[in-house]
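Keep the 3D view open and follow along.

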Amino acid sequence: MSNTDILMTAPMMPVVVDALDKAFTLHRLWEHEDRERFLSEIGPRIRGVATSTLFGRMDATLFEPLPNLEIVSSFGVGYDNVDVAEAAKRNVIVTNTPDVLNDEVADLTLGLLLATLRKIPQADRYLREGRWLKAPFPLSPTLRERKVGIVGLGRIGKAIAKRLEGFDVSIAYHGRTQQEGVTYTYHPTLTGMAEACDVLIVITPGGAGTRHLINADVLKALGPNGVLINVARGSVVDEQALIEALKSGTILTAGLDVYEDEPRVPQELIDLEHVVLLPHIASGSVHTRNAMGQLVADNLIAWFNGKGPLTPVSETPYPGSKS
């Protein structure tokens with residue numbers, strides 16, 4: 001297997017690099033200034049790819065010079081950075097890193113929700129700036145008696161809902177179909193759920209199908225006491241519509257971990273004192289990122305050991321896989 005050529009598209013964690021270096025002949029795309037020349041020379045030998053959002057989108061322009069590619073192992077539970085339709089057309093398996101980050105993202109989501117409602121970052125700044133010496137910090141909104149709607153009740157959505165149960169709040173969800181065995185209230189339309197709830201937690205996949213799913217109409221339906229929490233993809237929220245809703249008081253506040261053009265965050269958002277902004281860290285602990293990185297390597301190792309992929313995505317299924 002050490003003679004198998006693997007391409008890494010951008011720098012990844014040491015746990016990934018070390019594992020792939022040990023198991024394969026690893027080629028680092030970012031080390032080559034003339035990428036096209038490098039790919040024309042080495043491309044036909046490449047049978048597997050390790051990639052992440054750091055590289056950008058892996059589409060036909062990269063698939064084309066890799067005619068013998070068998071598998072793409074992508075870092076992250078979201079895989080909109082890979083053109084899976086193109087991969088499927090070429091009989092290339094795509095894998096992601098689900099489950100190992102569920103708890104971490106769910107924990108961070110609850111932390112972001114509480115930080116946004118109770119104004120924890122603002123209170124921290126208030127103390128550090130010495131303003132507590134002059135007056136108590138203003139009273140904040142609360143999570144008490146709120147109705148929370150989850151946009152996307154997948155693995156992570158369910159982990160978030162499980163945690164919310166401990167806060168004694170009403171829980172609802174919206175998705176393409178109603179799920180069997182789920183006791184939370186189902187809303188067939190997103191606008192209908194926004195009207196019925198005063199917190200929206202967005203944890204749906206990114207990509208063209210969900211682009212700007214949270215738009216001006218949804219924010220208006222959420223209302224002036226509404227809170228938006230986005231731990232999905234920045235593309236899912238119409239960022240300009242959100243900025244206008246926050247400025248005008250159409251909704252109360254927002255807690256965001258993702259943005260449309262990361263790492264560039266609109267200054268208009270940064271200037272809003274009542275929102276909480278995080279730099280895409282939902283899965284960002286050493287423990288969880290190492291587990292995700294190990295799964296990137298393990299998918300490639302399993303495939304080339306003849307065991308099949310561990311976590312293929314639904315668009316490129318593999319018979320007998322564990323997913």
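What covers the buried residues of H1? The cover includes E1, E2, E3 and H12, with contact meaning heavy atoms within 4.5 Å. Helices (H or I, at least four residues) and strands (E, at least two) are DSSP runs, numbered from the N terminus. The H1 residues in question are Val16, Val17, Ala19, Leu20 and Ala23; buried means under 20% relative accessible area, exposed over 50%, and partly exposed in between (1.4 Å probe, protein chains only).

A word on what you're looking at: this is a predicted model, where local features need pLDDT of at least 70 and side-chain atom pairs count only at pLDDT 80 or more, while totals for chains, interfaces and linings use all residues. Residues are numbered from 1 along each chain as its sequence is written, and side-chain values use heavy atoms, leaving out hydrogens and water.

Now for the sheet. It's an open one of 5 strands, in the order E2-E1-E3-E4-E5, with parallel pairing; two strands pair if DSSP finds at least two bridges between them. At the edges you'll find E2 (25-28) and E5 (93-95), each pairing on one side only. From one strand to the next, the twist averages 20 degrees. Look at E3 (residues 46-51) and E4 (residues 71-74): they run parallel and are joined by 4 bridges. Pick out Val49, whose bridge partner in E4 is Val72.

Back to H1 (residues 14-23), which packs on this sheet: the helix touches E1 (5-8), E2 and E3, and its direction makes about 135 degrees with that of E2. Such angles run from 0 to 180 degrees between N-to-C directions, with axes fitted as lines to C-alpha atoms, for helices over the stretch in contact. H12 (residues 286-304) lies across E1, E3, E4 and E5, running at about 160 degrees to E4.

On to the aromatic rings, which form 4 pairs in the structure. Rings of Phe, Tyr and Trp (its six-membered ring) pair if their centres lie within 6.5 Å; planes under 30 degrees apart count as stacked, over 60 as edge-to-face and the rest as tilted. Tyr173 and Tyr186 make a tilted pair, 5.2 Å centre to centre with 50 degrees between the planes. Tyr173 sits in E7 (residues 170-174) and Tyr186 in E8 (residues 185-187), 13 residues apart. Both Tyr173 and Tyr186 are buried.

Why is the pair of Trp303 and Tyr318 edge-to-face? Because the planes of Trp303 and Tyr318 are at 70 degrees, with the ring centres 5.4 Å apart. Trp303 belongs to H12, and Tyr318 to the segment after H12. Trp303 is buried, at a relative accessible area of 17%, whereas Tyr318 is partly exposed, at 33%.
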